[in-house]
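Morning, everyone. Please bring up the sequence and the structure, and we'll walk through them together.

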Amino acid sequence: MDVFEAVASRYSCRAFLPTPLPEATVRDIVERAARAPSAGNMQPWRIYAVAGERADALKAQLAPRMNELPKAEGGDYPVFPHPLEEPFRTRRFDVGERLYQSIGVPREDKPARYRQYSRNFEFFGAPVGLFFAVDRTHGAAQWADLGGYLQTVALLARGHGLHTCPQQAWVSWHKTVRAFLSLPDNLMIYSGMALGHADTAAPINSWRAPRVPLDDYASFDGFTR
Ligand SMILES: Cc1cc2nc3c(=O)[nH]c(=O)nc-3n(C[C@H](O)[C@H](O)[C@H](O)COP(=O)(O)O)c2cc1C
């Protein structure tokens, strides 16, 4: 798979097959992804990978607490600005609509929406969960570096025929995740990620989030045609 195909075929996969992944594959992805650039080569990412009984133990801790959603443990940092201004508000709303439409959940059926949302905390059935942690003293530049690292993981996963879903939803369980991973005080969870083989037959994987046209977000000056 070349880089164009890896980028084009990546999407946020929300239903996985239970097929386990060898530790060597996950190590390979996490290690190669560290070729991602970072300001001053700080390499500010810290990765925690869980699988098998370990992942099951985390899921089991949270399963009885899904009635606490959506607030859960309140979040260690605000994932979205409040209020969310246009055009971002509409884009966020639209992608949510598409997601729930794909599984036949109407907007007003809140319990069904929360049921689907709670699948985040089962890694959507994936055999591997990744957590990306960042140092509390680090700022916007290091967080951006983590984003680049996360996307590199997602693309390398495609190279192995695997799929991913980044999961900031885990931030809402930051206390439980912190205790579970024995996270040092200086680190905080930036995002989780589900990793595994896609269930390509699942309706929730059947749609793709749209993108705004190029000229809406980019300008090009001084080029010769
Ligand atoms: C850092 C980050 C965190 C995300 N967190 C979640 C999440 O918790 N749950 C989820 O279902 N999708 C999550 N997403 C996926 C976004 O909704 C998705 O990237 C966006 O809608 C574009 O769709 P695509 O990734 O399929 O192209 C996250 C994406 C990013 C980059």
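Leaving out residues up to four places away in sequence, Gly 129 touches Val 50, Ala 55, Phe 123, Gly 192 and Ala 194. Contact here means that two C-beta atoms, placed from the backbone, lie within 7 Å.

A word on the source. This is a predicted model: local features need pLDDT of at least 70, side-chain atom pairs count only at pLDDT 80 or more, and totals for chains, interfaces and linings use all residues. Residues are numbered from 1 along each chain as its sequence is written.

Back to Gly 129. Is Gly 129 buried or exposed? Gly 129 counts as buried, because 25 C-beta neighbours lie inside 10 Å. The cut-offs: buried means 20 or more other C-beta atoms within 10 Å of a residue's own, exposed means 12 or fewer, partly exposed is in between, and C-beta atoms are placed from the backbone.

Gly 129 lies in strand 2. Helices (H or I, at least four residues) and strands (E, at least two) are DSSP runs, numbered from the N terminus.

In what order do the 4 strands come? The order is 1-2-4-3, in an open sheet with antiparallel pairing. Strand 1 (46-51) and strand 3 are the edge strands, each pairing on one side only. From one strand to the next, the twist averages 25 degrees. Axes are lines fitted to C-alpha atoms, for helices over the stretch in contact, and angles run from 0 to 180 degrees between N-to-C directions. Two strands pair if DSSP finds at least two bridges between them.

Let's count bridges. Strands 1 and 2 are joined by 6. Strand 2 (residues 128-135) and strand 4 share 8. Asp 135 partners Leu 187 in strand 4. Strand 3 and strand 4 share 5. Gln 167 partners Gly 192 in strand 4.

Strand 4 (residues 187-196) is largely enclosed by the rest of the structure, because 7 of its 10 residues are buried.

Next, helix 6. Helix 6 (residues 140-159) has 20 residues, and at 1.5 Å a residue they should span 28 Å. The end C-alpha atoms of helix 6 are 29 Å apart, which agrees. The expected span is 1.5 Å times one less than the number of residues. Buried residues of helix 6 include Leu 146, Tyr 149, Leu 150 and Val 153. What covers the buried residues includes helix 1 (3-9), helix 2 (23-32), strand 2, strand 3 and strand 4.

On to the ligand. Which residues are around the ligand? Among them are Tyr 11, Arg 14, Asn 120, Cys 165, Gln 167 and Ser 191. Near means a C-beta atom, placed from the backbone, within 6 Å of the molecule or strand. The largest share of the shell, 3 residues, comes from strand 3 (residues 163-167).

Last, some backbone details. Most residues other than glycine have a negative phi, and most peptide bonds are trans. A cis peptide bond joins Leu 69 and Pro 70, with omega about 5 degrees. Another cis bond joins His 82 and Pro 83, with omega about 0 degrees. Asn 41 has a positive phi, near 50 degrees. Asn 41 is exposed, with 8 other C-beta atoms within 10 Å.
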